[in-house]
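Work through the exercises below with the sequence and the coordinates at hand. Each task is followed by a solution in steps.

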Amino acid sequence: MIPYKLFATKKLSDIYTELCCDVNGLNDSQAVEHLKKYGPNKISVKEIKWWQILLRQFASPFVYVLIFASFLALYLGETIDSIFIASFVLIGAVLGFIQEYNSQKSVELLKKFLVDHSKILRGGKEVLVKSEDIVPGDICILEPGNIICADIRFIKADNLLIDESILTGESMSVSKTSLLLSEQSISGIHDAVNMGFSGTTVMQGKGVGIIVSTGKDTQIGSITKLTAESEGVSTFEKGISKLSKWILKIILTTLALVFIVNFLIKKDDSKINFADIILFSIALAVSVIPETLPVVSALSFSKGSLALARKHVVVKRLSAVEDLGSIEVLCTDKTGTITENKMSVSAFHSENENFCLSCGILTSSTSQGSSSFDVALFAKIGEGGELNQYQKINELPFDPERKRNSVLVSVENENKLIVRGAPETIIDLCVNKI
């Protein structure tokens with residue numbers, strides 16, 4: 001069973017038993033033991049060394065052909081040609097190494113700014129610890145603005161809304177609950193409403209949960225590890241490989257043809273020098289190799305990567321520049337990719353737009369709005385709406401089962417109940433329906 005689905009359908013008492021903890025969290029000695037058992041809460045991917053980046057510049061069939069041509073030219077006494085060919089190979093490799101090494105260092109530098117802390121319970125006391133020191137069994141306390149540091153199962157969820165667009169791509173915040181879910185009710189990660197996932201952001205409310213997965217065992221960890229360790233061959237590299245094979249075929253064909261023609265012409269000559277024929281055939285074939293191609297391609301890609309750097313894009317592999325430039329059709333999920341993952345109010349279906357907008361904002365649980373829906377309403381309020389005359393008395397936060405939230409307000413010595421939720425739910429509650 002998928003890890004998050006397993007914990008979403010398991011009783012809290014069973015999770016406490018499994019992770020050897022309780023509602024007060026772990027004590028210091030237990031935390032140390034769990035850290036040894038589960039490891040630090042960070043995603044470890046294969047580290048790329050500088051010499052690996054350097055060797056990668058030579059990992060091409062075309063470069064192999066050029067190196068062979070350089071040694072062959074040296075053997076034939078063409079020292080200058082040999083030096084030129086070797087120089088072209090080295091210049092291309094150095095240019096590629098410098099660009100990719102600097103990109104790798106830039107990515108590592110960015111990671112240094114991601115050190116954060118999280119509030120947890122240790123022995124019943126609230127403490128701030130580095131997120132990488134958090135272990136399964138810790139009790140995490142969440143507040144608006146917090147980025148969840150690991151996968152958690154909620155113990156308490158007070159009007160808790162979480163932005164999970166990093167995982168699902170949906171701009172709407174998800175309302176969370178601490179209720180036990182059935183296995184049949186979870187068809188995907190979006191249905192696990194009693195779980196919080198690493199990397200997602202708390203938009204509204206407060207929550208308390210038990211850490212159940214850390215590091216590479218989290219949902220985002222498995223995705224990141226797969227992405228980081230997946231190695232693909234670019235279109236340019238495939239093209240170079242095809243060119244190298246084509247050149248090798250020309251060389252072999254030339255060898256065969258020259259050898260056969262010389263043998264047929266001089267078959268009656270007892271002084272046929274096979275060594276000279278082979279060397280001549282190889283030298284003729286090597287002459288068709290475009291020695292400057294590595295330098296030209298490295299310079300072109302470096303120019304492209306510098307242009308992308310001005311747009312704040314880090315190019316980790318030079319060959320990826322060619323792939324980017326050859327894209328004809330780009331298919332993406334819209335949310336957060338070709339959009340800003342922000343909602344806005346475009347139209348109203350009400351006779352009194354200002355009153356409708358005011359009622360919508362009054363049902364927000366905060367004065368500034370924390371969910372993407374509330375933020376859109378508050379951005380629109382500058383064009384209308386009068387809120388100062390309303391006094392909020394009480395409210396029932398949004399609940400997935402009710403599919404609505406309710407707010408009791410007082411205005412002009414009169415109490416009014418404002419309900420906001422799914423259209424089909426609100427319409428069913430109406431006495432007079434149109």
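The model is predicted: local features need pLDDT of at least 70, side-chain atom pairs count only at pLDDT 80 or more, and totals for chains, interfaces and linings use all residues. Residues are numbered from 1 along each chain as its sequence is written, and side-chain values use heavy atoms, with hydrogens and water left out.

**Exercise 1.** Locate Arg 122 and describe its surroundings.

Solution. Start with the secondary structure, where helices (H or I, at least four residues) and strands (E, at least two) are DSSP runs numbered from the N terminus. Arg 122 belongs to strand β1, residues 117-122. Next, take the accessibility: buried means under 20% relative accessible area, exposed over 50%, and partly exposed in between (1.4 Å probe, protein chains only). Arg 122 has 15% and therefore counts as buried. Then list contacts, meaning heavy atoms within 4.5 Å. Beyond its neighbours within four places in sequence, Arg 122 touches residues including Asn 24, Leu 26, Asp 28 and Asp 138. With Asp 138 there is also a side-chain polar contact of 2.9 Å; such a contact is a pair of N or O atoms within 3.5 Å, in which, within protein, one must be able to donate a hydrogen and the other to accept it, and residues adjacent in sequence count only if both atoms are side-chain atoms.

**Exercise 2.** Which residues have the most contacts inside the largest nonpolar core?

Solution. A nonpolar core is a set of buried Ala, Val, Leu, Ile, Met, Phe, Trp, Tyr and Cys residues joined through side-chain atoms within 4.5 Å. The largest has 25 residues, and Tyr 4, Met 195, Phe 197, Ile 210 and Val 212 have the most contacts inside it. At least two residues of this core come from each of α1 (3-8), α2 (12-19), β3 (139-142) and β7 (201-213). Apart from it lies another core of 14 residues, among them Leu 142, Cys 149, Leu 160 and Val 202.

**Exercise 3.** What covers the buried residues of α14?

Solution. In α14 (residues 372-380), the buried residues are Ser 372, Asp 374, Ala 376, Leu 377, Phe 378 and Lys 380. Their cover includes β7, α13 (353-362) and β10. Ala 379 lies in the helix α14 but is exposed, with a relative accessible area of 62%.

**Exercise 4.** Where do Lys 176 and Glu 164 lie, and are they buried or exposed?

Solution. A salt bridge is a side-chain nitrogen of Lys or Arg within 4 Å of a carboxyl oxygen of Asp or Glu. By this rule there are six salt bridges. One of them joins Lys 176 and Glu 164 at 2.6 Å, N to O. Lys 176 is in the loop between β5 (174-175) and β6 (195-196) and Glu 164 in the loop between β4 and α7 (165-168), so the pair ties together parts twelve residues apart in sequence. Both Lys 176 and Glu 164 are buried.

**Exercise 5.** What is the phi of Asn 413?

Solution. Most residues other than glycine have a negative phi. Asn 413 has a positive phi near 60°. This residue sits in the loop between β9 (404-411) and β10 (414-421). Asn 413 is exposed, at 82% relative accessible area.
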